[in-house]
Amino acid sequence: MEAIVIAHDLEKKYRISRKQQRLDQSKSREKIALSGLSFTANQGEIYALLGPNGAGKTTSLRILSALIKADRGDCSINGSSVSKEPEAVRAQIGFLTSELKLEDYFTPNYLFDFFSELNHVPAKTRDERKNKLFERFGISRFAESKVADLSTGMKQKVSIAISLVHDPEIIIFDEPTNGLDVITARTVMDFLREEKARGKTIIISTHIFDLVEKLADRVGFIMKGRLVREGTLESLTREKSLEEVFFEIYLNEVGDET
Ligand SMILES: Nc1ncnc2c1ncn2[C@@H]1O[C@H](COP(=O)(O)OP(=O)(O)OP(=O)(O)O)[C@@H](O)[C@H]1O
């Protein structure tokens, strides 16, 4: 199996406000989000980063996607270094989040064309892709409606479609089903399975066991900014449920602090 996404020894600190410092009862003005995170995803698999709130999932996916910079460490995406070749990385990945905010005034059709142009997608390819994605996500009927008039689920599906204008080899999806109703969540999960079947590599972050059990080939447990265990879903859950494995690791790594 070929390693296509390699995160190596990532460190990231955020500077926090004095107010936040007091709330955290911390002596430091910095918050450590990642402290030496490493993991590897293989070509054509769905890899899940599973961890509790504040573990560092979003931070690591944003670094992988060249949206923010790590303080230390680096990632290799299909042979390109995130720190040295961020443009090459961006061309190969689609970063998806259900929290992406779309401008209310524009239509799905306009947004898809706009982002296609930004990504240098030729018009013919753009139209083929748009038809396919709009059909797949039930957007076609709303293609000329303003974003402001769309339902929350439809907005999320539009944001997924426009993150895929360049048909990226690697899909990075932060909390894929957060805030989605069951029907939209199902559409998204089916879509990710189809993309995997097309040979794409998919990395998701989540705290939802059920999602990991339904979707993932391999799982990395992330706690306090570090990877604490990694393995195939099958090997991890041979004797215990994923939830049991998670809490065993959690008690070991974090203790019973809440
Ligand atoms: N912009 C920021 N400024 C200050 N601290 C931040 C910032 N972003 C994240 N953090 C802190 O860094 C740590 C890791 O956050 P991150 O969002 O990466 O975790 P997460 O695993 O995605 O959490 P969640 O599941 O709650 O979204 C947390 O303690 C968080 O409070």
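For sorting residues by class, Ala, Val, Leu, Ile, Met, Phe, Trp, Tyr, Cys and Pro count as nonpolar, Asp, Glu, Lys and Arg as charged, and the others, Gly among them, as polar. By these classes, the shell around the ligand holds 7 polar, 4 nonpolar and 2 charged residues. The model is a predicted one, in which local features need pLDDT of at least 70 and side-chain atom pairs count only at pLDDT 80 or more, while totals for chains, interfaces and linings use all residues. Residues are numbered from 1 along each chain as its sequence is written.

A residue is near a molecule or strand if its C-beta atom, placed from the backbone, lies within 6 Å of it. Of the 13 residues around the ligand, those that come nearest are Tyr14, Asn53, Lys57, Thr58 and Thr59. Helices (H or I, at least four residues) and strands (E, at least two) are DSSP runs, numbered from the N terminus. At least two residues of the shell come from each of β2 (30-42) and α2 (57-64), and α2 gives the largest share, 3 residues.

Strands of a sheet pair through backbone hydrogen bonds, either parallel or antiparallel. Here two strands pair if DSSP finds at least two bridges between them. In the order β2-β1-β4-β5, 4 strands form an open sheet with antiparallel pairing. Because β2 and β5 (80-81) stand at the edges with a single partner strand each, one side of each is left without a neighbour in the sheet. Strand β4 (residues 72-77) is joined to β5 over 2 bridges in the antiparallel sense, and Ile77 stands opposite Ser80 in β5.

The loop between β4 and β5 contains Asn78, a residue other than glycine whose phi is positive, near 50°. Most residues other than glycine have a negative phi. Asn78 counts as partly exposed because it has 18 C-beta neighbours inside 10 Å; a residue is buried if 20 or more other C-beta atoms, placed from the backbone, lie within 10 Å of its own, exposed if 12 or fewer, and partly exposed in between.

Turning to the whole, the protein chain has 10 helices and 10 strands. Its radius of gyration, taken over C-alpha atoms, is 19 Å, close to the 18 Å that the globule rule (2.2 Å times the number of residues to the power 0.38) gives for 258 residues, so the chain is as compact as a globular protein of that length. Of these 258 residues, 36% count as buried.
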